[in-house]
Every structure is written in C-alpha cells, then in structure tokens.
Amino acid sequence: MLKIYFWAYLIWSLVLTECQSQLRVCEVPKEGNNHAVNLNQLYLPNEFYSVRAQDGGGKYDYKFNVCGSLPFKNDNCPDGAGMCAELFGSNNPMFTYGFVNTTEVSRDERGNIVLHMSTPFECPESNHSVFNSTILFECARGQNKLEIFKEDWLNCTVEILFTSEAVCDMPNTTPGGQTTSPDKSQKPILAGWRLHAVIGGGAAAFVIFLYCFLGYAYLGSRGYQGADRIPVPGCCAPMCREPGEYTQV
C-alpha cells in the first residue's frame, strides 16, 4: 500500500514540476536595455486567438494559444496542440502547427520576443521540413492585433505578428500625455490563476497522502491486516473499528 502512495506522490511531483517549468519558459528576464516580459498573461484558458490567411489552396484560419494548449481537439489537432489550421468555415482543424511542450521563447536582433513551436509531423510538400509556427510579438498600446507576417505553405511554416500591450515596457503613457508608473501590486491574472491552481492541487494531494499514511499506520497498530488497513472516510471510520468486525470470505 505504501508503494501506491509513493508512486502517486511521485507522479504528482512530476506533474507539478512540468507545470512550473512550462510557466517559466514564457517568462523572459530583463537583458541589458530589454525589459522583462511574461507571456503567460496572454494565455486564454477557455478561448483561443484566430487569424485568417489566404493562399493558393483556399482560406485558412490559424487558431492558437500563447503558452498553453487549445481548448478543443480532434484527430488532426490532438491534445496539447498550441496552434492548428482549419479551412475557413469548416470548424474542423486540418493541420497541427505546434505543440505546447515544444515552446521556445527568445529575442530577435531588435529585442522583440519570438515564440516558436514545432511538431513531429512531416510536411507532405517537403522532405526536410515539419509543421512549425512562429509568433512575433511587438509592443502596441491598446487592443491586441494579429496578422500573418509570413506563410510558406510548401514548407508548412507560418509566422504570425502579434502586437500587444502585454509585451510593452512600463511606465505607460496616457492619451493626455501624462506618464503613469506601473502598479507593482498588479500581477498577471491568468498566470496567477494557473499557478494557484497548481499549488492548491498540490496541497490537496499532500493532505490526502498524509491521511492515508497515518490511517494505514494506525490501523496496523490496531491489528488490522490486508485490505482492512486501507483507511476509508466515513462516520467514525477508520478509527472506531475493531479487529474482527468484518467476516472474511
């Protein structure tokens, strides 16, 4: 029984480490004159971004998320996909252009943030390329704006330009020309929600583990054997049971 608890705790620890690692991938530290950027605040938990492109094969919508997976899936856009393309109006993704666990974030020569994702799927039009995607981030005050920067259908590659205030440095300038200092008490809501969920889940798992461990040890000291040592919640259980209460078959 203790082995079961050990493996459950180990699996939970690995999941927690993976979640924290994924959050850190999208946190770009300050480098020289380039300010720090946290792309986790652009993640949409139950929605997605969409930008339309047109090439010789027809109209396609590229649907993607930032630092997180899409909230839908099918055979062509499986679980864990961060960007997929579908024929306009079909509501049926046809190609995957990137998986979240392949996310790489860097800066270009101008200091702008670049996010890259890839897949293991070979491009049918090219023998030396796989489906992959790049999102280029540029600072822009106001509403987010998306547009296709470059599309290479033959090599299964797409680059999307994402202009957003989320990647701008502070302080901000109001329309009246006044400069406002950033409120350091404000934190990225979405990123904070994800981290709190991970911490809350970890705390719950620890409480369950502690209950099972102590209950198993206590029942053993009372003379229980085998399956009767498994602590089960309920009225006065397992603490008020006495050995021999149950008839063994």
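Mentor: A disulfide is a pair of cysteine sulfur atoms within 2.5 Å. This is a predicted model: local features need pLDDT of at least 70, side-chain atom pairs count only at pLDDT 80 or more, and totals for chains, interfaces and linings use all residues. Numbering runs from 1 along each chain as its sequence is written, and side-chain values use heavy atoms, leaving out hydrogens and water.

Trainee: How many disulfides does the count come to by this rule?

Mentor: Cys77 and Cys84 form one of them, with sulfur atoms 2.0 Å apart. Another joins Cys123 to Cys156, also listed at 2.0 Å from S to S. Cys139 and Cys168 are joined too, at 1.9 Å. By the rule, the count comes to 4.

Trainee: What is the pairing when the bonded cysteines are numbered in sequence order?

Mentor: Take the bonded cysteines of the protein in sequence order. Then read off which numbers join. The pairing is 1-2, 3-4, 5-7, 6-8.

Trainee: How many residues apart in sequence are the parts that Cys139 and Cys168 tie together?

Mentor: Strands are DSSP runs of E, at least two residues long; helices are runs of H or I, at least four; both are numbered from the N terminus. Cys139 lies in strand β9, and Cys168 sits in the loop between β11 and β12 (172-173). The pair therefore ties together parts whose separation in sequence is 29 residues.

Trainee: Is Cys139 buried, exposed or partly exposed?

Mentor: Buried means under 20% relative accessible area, exposed over 50%, and partly exposed in between (1.4 Å probe, protein chains only). Cys139 has 44% relative accessibility, so Cys139 counts as partly exposed.

Trainee: Which residues touch the most other members of the largest nonpolar core?

Mentor: A nonpolar core is a set of buried Ala, Val, Leu, Ile, Met, Phe, Trp, Tyr and Cys residues joined through side-chain atoms within 4.5 Å. The largest has 28 residues. Strands supplying at least two residues each include β3 (49-55), β5 (81-87) and β9 (130-139). The residues touching the most other members are Leu39, Tyr62, Phe64, Val66, Met83 and Phe137.

Trainee: Which residues does Phe137 touch?

Mentor: Contact means heavy atoms within 4.5 Å. Residues up to four places away in sequence are not counted. That leaves Leu39, Leu42, Val66, Asn112, Ile113, Leu115, Phe162 and Val167.

Trainee: What percentage of the residues in the protein is buried?

Mentor: The protein has 249 residues. Its secondary structure comes to 2 helices and 13 strands. Buried residues make up 33%.
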